[in-house]
Amino acid sequence: MFNLKKKAQEMNGQLVQWRRYLHGIPELGFDTPLTEKFILEQLAAMGVKDVRHGSGKKGIVALIKGRKPGKVLGIRADYDALNMAEDTGLPFAATNGNMHACGHDGHAAMLLGTAKLLLECLDELPGTVKLIFQPSEENGKGAPVMIEEGVLENPRVDALTGLHTGNLWKGFRAGEAGYRFGALMAAADWFKITFEGKGGHGASPHLTVDPVAMACQAVSALQMIVSREISPLASAVVTVGVIQGGTMPNIIAPNCMISGTLRSLDPDTRALLLKRVKEIAEDTAKTLRGTAKVEFTYGPPPLINDKGMTEKLRKAMEDILGADLVHEVAEPTMGGEDMAFFQEKVPGSFFFLPATFGDERDYPHHNPKFDLNEDVFWIGPAVMVRFAITWQEDRTE
């Protein structure tokens with residue numbers, strides 16, 4: 001029998017090397033030529049034959065076929081970075097003004113490790129594994145584009161998994177793993193509201209139509225959506241992060257803009273948030289004799305883990321780590337994740353691999369000092385390969 005856990009642990013040094021190389025070349029959105037070149041080179045060196053890339057297609061897809069009949073499992077990892085300067089002091093820190101401050105370098109390295117392990121256990125592998133290396137997660141555009149370009153077809157994907165590393169959920173230590181049934185991450189949408197009025201002298205406000213006043217009243221009213229219109233048992237966030245209007249203290253500006261984000265964990269709450277933001281903005285502007293233009297940028301939907309897939313994934317985690325190191329995530333995060341687009345189409349389960357240090361080195365995601373505990377990288381590939389081997393079995397107890 002292939003000793004998956006031992007093989008994964010022995011591979012951890014390779015995972016670290018891959019991660020550190022990717023960490024040093026962070027790229028943004030779909031503009032990721034160096035990252036993709038590296039991933040393609042590593043897949044070729046392993047002997048992965050069926051790799052699909054190029055011809056205008058976004059991302060990289062690799063197929064690994066087992067020697068047993070079965071269905072198709074998709075395993076996804078993102079690999080884009082953030083436009084922020086790194087301040088970790090690491091010897092492999094990026095110097096190009098971008099940074100892997102969300103763990104995507106680790107995700108890509110772990111998916112490469114998953115490919116390597118799969119190739120070593122083809123006799124035990126049923127069906128096909130479709131490895132999905134995805135760009136442009138940070139702006140929520142990568143998954144929809146890959147879906148549109150057919151990533152879930154030819155062959156059709158029957159189930160999905162993937163992971164997020166770092167320190168997103170509290171209460172976990174490095175060496176453990178977390179799962180959750182149902183909602184794990186939130187829908188993430190953005191709004192921009194431009195209030196239009198009539199500018200003029202600050203000493204004669206009665207001769208103007210003040211868009212700054214509209215914006216101020218709207219910001220206050222928007223906070224009432226969550227406190228007075230959403231059930232206390234539901235989760236929702238309305239955050240206004242930007243307000244821009246005016247150039248001088250004695251001038252009433254002709255326009256003022258506010259923008260922010262909306263977060264929710266179910267489709268009905270999401271729809272209500274979008275509806276009420278528009279109504280409040282337009283009604284507030286009308287009440288104060290102005291107008292409001294409301295624009296939405298729609299991000300990923302809520303990430304919902306399929307119950308059956310999550311139960312099978314939990315058992316795969318326990319096979320690798322033991323039940324004492326596998327825990328249910330107590331509550332979802334209001335952060336967004338475009339893996340949700342895939343899981344809208346295909347039943348899947350997304351899991352958490354904590355990679356924390358447990359000391360002062362632990363910083364939040366998207367922080368210029370963010371880093372990962374590399375000692376636990378092996379767990380990701382081990383769990384995903386174990387899941388690939390067992391997910392089609394009837395493992396009811």
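Predicted model: local features only at pLDDT ≥ 70, side-chain atom pairs only at ≥ 80, totals over all residues.
Residues are numbered from 1 along each chain as its sequence is written. Local features need pLDDT of at least 70 and side-chain atom pairs count only at pLDDT 80 or more, while totals for chains, interfaces and linings use all residues; side-chain values use heavy atoms, with hydrogens and water left out.

Helices are DSSP runs (H or I, at least four residues), numbered from the N terminus. The axes of α3 (residues 33-46) and α4 (residues 104-119), taken as lines fitted to C-alpha atoms over the stretch in contact, with angles from 0 to 180 degrees between N-to-C directions, come within 10 Å and cross at roughly 10°. Helix α3 is therefore roughly parallel to α4 (angles under 35 degrees). In contact (heavy atoms within 4.5 Å) are Phe38, Ile39, Gln42, Leu43 and Met46 of α3 with Leu112, Ala115, Lys116 and Leu119 of α4.

Helix α4 also meets α10 (residues 379-390), with axes that come within 8 Å and cross at roughly 50°. Met110, Gly113, Thr114, Leu117 and Leu118 of α4 face Gly380, Pro381, Ala382, Met384, Val385 and Ala388 of α10.

Arg276 lies in helix α7 (residues 267-287). With 19% relative accessibility, Arg276 counts as buried (under 20% relative accessible area, 1.4 Å probe, protein chains only). Beyond its neighbours within four places in sequence, Arg276 is in contact with Ile225 and Glu229.

Technical notes
Helix = DSSP H or I, 4+ residues; strand = E, 2+ residues; numbered from the N terminus. Buried < 20%, exposed > 50% of the residue type's maximum accessible area, 1.4 Å probe, protein only. Parallel < 35°, antiparallel > 145°, perpendicular 65-115°, else oblique.
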